[in-house]
Amino acid sequence: MSKDNRSLESFLNISYPESCGIGRIGTMFYQLGNKRKAQEIFEGMVEANPESADARTALGAVLVSMNRHQNALPHLLKAVELQPEKIASYVNLAEVYIRQGDLPKAVKSLSEAVKLDQTGTSSAANRARVLILEINKIIRLTS
Amino acid sequence: MIENVYNGFDLGEFIGADNMGVFGMSIKHWLDNNPDDKKSVVDLVEQLVSNINPDLLAGADRKQSLGKYGEPKTPDEMSGIGRNRLAELLGSAQALRATFTDKDRIESIDKLITALALTLEAFDMTAMFDKRAASLQFRNLRP
C-alpha cells in the first residue's frame with residue numbers, strides 16, 4: 001500500500017458533526033468522573049485529526065484535571081496555534097502554567113483570553129479575569 | 001423526594017454488579033472520595049436519573065432535547081452520530097488497520113479504534129440505563 005498522508009478522519013470520511021458526536025460522549029465520560037475513558041476518546045480524536053483544536057483542547061483539559069500537566073502542555077499549545085481565537089485553550093494553557101508556578105506565562109495566556117472576549121460573556125474568559133486578579137495578589141504579596 | 005427515590009430502589013441492582021459502566025463508575029468515584037457521604041450518593045443518583053438519556057448523552061439541556069414536534073429526540077439524532085454509523089466506522093478502522101505496516105500508523109489507528117469502541121459502548125450502556133431509569137420511574141411514579 002502506498003503511503004497516504006491524509007488524516008484518519010478524512011480517510012474514514014468522519015464528518016464534523018460525527019466528530020462532535022464522539023466528542024460529546026467523551027465529555028459525558030468526563031462529566032461523570034470517568035477521566036480515563038474521556039482521555040482515551042479524546043486521544044483517539046486527536047489521532048483521527050491532529051489539526052482539530054477542539055480535540056486538542058478537550059484532551060488537554062482532561063490531562064490537566066488528571067494532574068498530567070506535562071502531557072497536557074503540547075496539546076494546549078497546539079490548540080492555541082490551530083485556533084488562536086479559541087478562548088478556552090488560553091485559559092486551559094494558563095491552568096498548566098499556574099500549576100507549574102510560571103505565573104508570568106499564565107498571566108500572558110489569561111490576558112489573551114480576556115482580550116478575545118469583547119462582550120464579557122465568555123465563562124472561560126471570566127475565569128481568566130478572576131485568575132489574573134488572584135495571581136496579581138500573589139505577586140504583590142511575594143514581591 | 002430523595003427518600004422517595006431511595007426507598008424501594010436497589011442501588012446494586014440499578015448499577016449492575018457485572019458491569020457498572022458510566023453510571024456506576026461515577027457513583028463509585030464519588031464513594032471513593034466521600035466514603036461517609038451516603039446522602040450525596042443518593043443526590044447524585046437522583047441527579048443522574050433525572051438527567052438520563054437523551055439529555056445526558058448529548059450534553060444538551062432539556063429544552064434542546066425536544067424535537068420538532070415536541071417529542072424527545074433519540075440519542076442518535078442528538079449526538080451527531082448514530083450507533084450504526086459508529087459500528088460501521090469501527091469496522092472500517094479495523095479493516096484499515098489491517099493494511100498498515102508502519103508502527104506509528106498502527107499505534108495511531110489503535111487509539112482511534114479504542115475511542116470508537118468506547119463511544120459505541122457508551123451508546124449501548126445509555127440504552128440500558130434508559131430502560132433502568134424508566135423502570136425506576138415506574139416504581140416511584142410521582143405527579
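Chain B contains 8 helices and 0 strands, where helices (H or I, at least four residues) and strands (E, at least two) are DSSP runs numbered from the N terminus. Along the sequence, the pattern of chain B reads α-α-α-α-α-α-α-α. The model is predicted: local features need pLDDT of at least 70, side-chain atom pairs count only at pLDDT 80 or more, and totals for chains, interfaces and linings use all residues. Residues are numbered from 1 along each chain as its sequence is written, while chains are lettered from A and ligands numbered from 1 in the order in which they are written.

The pLDDT is the predictor's confidence in each residue, from 0 to 100. For chain A its mean is 90, and 97% of the residues of chain A reach 70 or more. Where pLDDT is low, the predicted coordinates should not be read in detail.

Of the 143 residues in chain B, 23% are buried. A residue is buried if 20 or more other C-beta atoms lie within 10 Å of its own, exposed if 12 or fewer, and partly exposed in between, with C-beta atoms placed from the backbone. Two residues are in contact if their C-beta atoms, again placed from the backbone, lie within 7 Å. In chain B, 48% of the contacts with a separation of 6 or more are between residues 24 or more positions apart.

Between the chains, 27 residues of chain B are in contact with 26 residues of chain A. Two or more residues on the chain B side come from each of helix 3 (21-33), helix 5 (55-58), helix 7 (83-99) and helix 8 (103-139) of chain B. Helix 8 of chain B gives the most, with 10 residues. This side of chain B consists of 15 nonpolar, 10 polar and 2 charged residues; Ala, Val, Leu, Ile, Met, Phe, Trp, Tyr, Cys and Pro count as nonpolar, Asp, Glu, Lys and Arg as charged, and the others, Gly among them, as polar.

Within chain A, helix 3 includes Val46(A). Val46(A) is buried, with 24 other C-beta atoms within 10 Å. Leaving out residues up to four places away in sequence, Val46(A) touches Ser52(A), Ala55(A), Arg56(A) and Leu59(A). His75(A) is 29 residues from Val46(A) in sequence, and their C-alpha atoms are 9.1 Å apart.

Because 12 of its 14 residues are buried, helix 6 of chain A is largely enclosed by the rest of the structure. The buried residues of helix 6 pack against helix 4 (53-65), helix 5 (69-82), helix 7 (103-116) and helix 8 (123-142) of chain A. Just after helix 6 of chain A, Gly101(A) has a positive phi of about 80°.

In helix 7 of chain A, the buried residues are Ala106(A), Ser109(A), Leu110(A), Glu112(A), Ala113(A) and Val114(A). Helix 6 and helix 8 of chain A are among the elements that cover them.
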